[in-house]
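Q: I'm new to this one and would like to learn how to read it. Could you show it to me and take me through its features?

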Amino acid sequence: MKRIFALLILVIPGFLAGYGIKLMRDMTFGILQSPIPFLWLQFLIGLVLFLGGLGFVAGFIFYRDRKRNKVQTRFSKK
């Protein structure tokens, strides 16, 4: 059960990061999504979603590896 919960914790931010990439790509091609009034705002929302999702997944993996002592010595706990 813990593994399924951990998978869900990683999948949801992964989908948000993927949607952020889609929003940024649509802005590049001039496709405006319906609830967002401006292209530049669409790009900023996409960038925030992408960086937030990527940062969460990277932090989760880093925390797990740090707990299991699989990181370099400069990143290990003191």
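Q: Let's begin with burial: what share of the 78 residues of the protein counts as buried?
A: Buried means under 20% relative accessible area, exposed means over 50%, and partly exposed lies in between (1.4 Å probe, protein chains only). Here 14% of the 78 residues count as buried. Keep in mind that this is a predicted model, where local features need pLDDT of at least 70, side-chain atom pairs count only at pLDDT 80 or more, and totals for chains, interfaces and linings use all residues. Residues are numbered from 1 along each chain as its sequence is written, and side-chain values use heavy atoms, leaving out hydrogens and water.

Q: How many helices and strands are there in the protein?
A: Helices (H or I, at least four residues) and strands (E, at least two) are DSSP runs, numbered from the N terminus. The protein has two helices and zero strands. Its radius of gyration (taken over C-alpha atoms) is 17 Å, well over the 12 Å from the globule rule for 78 residues, so the protein is more spread out than a compact globule. That rule is 2.2 Å times the number of residues to the power 0.38.

Q: Which residues form the nonpolar patch on the surface?
A: Nonpolar side chains (Val, Leu, Ile, Met, Phe, Trp, Tyr) are joined within 5 Å. In this case F38, W40, L44, L47 and L51 form the patch, with about 510 Å² of accessible area together (Shrake-Rupley method, 1.4 Å probe, only the protein chains shown as cover). L47 sits in helix α2 and is partly exposed, at 30% relative accessible area.

How values were computed. Patches are made of residues with over 30% relative accessible area and no salt bridge: like charges are joined within 9 Å, nonpolar side chains (Val, Leu, Ile, Met, Phe, Trp, Tyr) within 5 Å. A salt bridge is a side-chain nitrogen of Lys or Arg within 4 Å of a carboxyl oxygen of Asp or Glu.
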